[in-house]
Amino acid sequence: MAGVVKSMDSALKSMDLEKVAGIMDKFERQFEHLDVQTQTMEEAMSGVTTLTVPEASTRNMGLYDRGT
């Protein structure tokens, strides 16, 4: 991302519209890739959190009922 910002600064100084458009496209692709990575990580962490909550904790919160 830092490279894209530096490239954008250079392109804006030269006012080369083709270069600016290319850099903006590159930035958008990187941003979309980062968004997919973030979503994947959030889903993975959500699954881990679900698996690691002790049964006693959920019972104490009143969210788990075994009929006892």
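**First stop: a loop residue**

Select Met15, which is exposed, with a relative accessible area of 59%; exposed means over 50%, buried under 20%, and partly exposed in between (1.4 Å probe, protein chains only). Met15 sits in the loop between α1 and α2. Although Met15 is not a glycine, its phi is positive, at about 60 degrees.

Before continuing, please note how the model is to be read. It is a predicted model, in which local features need pLDDT of at least 70 and side-chain atom pairs count only at pLDDT 80 or more, while totals for chains, interfaces and linings use all residues. Residues are numbered from 1 along each chain as its sequence is written, and side-chain values use heavy atoms, with hydrogens and water left out.

**The whole chain**

Helices (H or I, at least four residues) and strands (E, at least two) are DSSP runs, numbered from the N terminus. Of the 68 residues in the chain, 9% are buried. The chain exposes about 5900 Å², and carbon and sulfur atoms supply 59% of this area; accessible areas come from the Shrake-Rupley method with a 1.4 Å probe, and for residues only the protein chains shown count as cover.

**Helix α1**

Select Ala11, which lies in helix α1 (residues 2–14). Is Ala11 buried or exposed? Ala11 is buried, with a relative accessible area of 0%. Leaving aside neighbours within four places in sequence, Ala11 is in contact (heavy atoms within 4.5 Å) with Asp16, Lys19, Val20 and Ile23. The C-alpha atoms of Ala11 and Ile23, twelve residues apart along the chain, are separated by 8.3 Å.

Next select Lys6, also a residue of helix α1. Lys6 is exposed, with a relative accessible area of 64%. Between the C-alpha atoms of Lys6 and Ile23, 17 residues apart along the chain, the separation is 10.0 Å.

Finally, select Glu28 in helix α2 (residues 17–52). Glu28 is partly exposed, with a relative accessible area of 45%.
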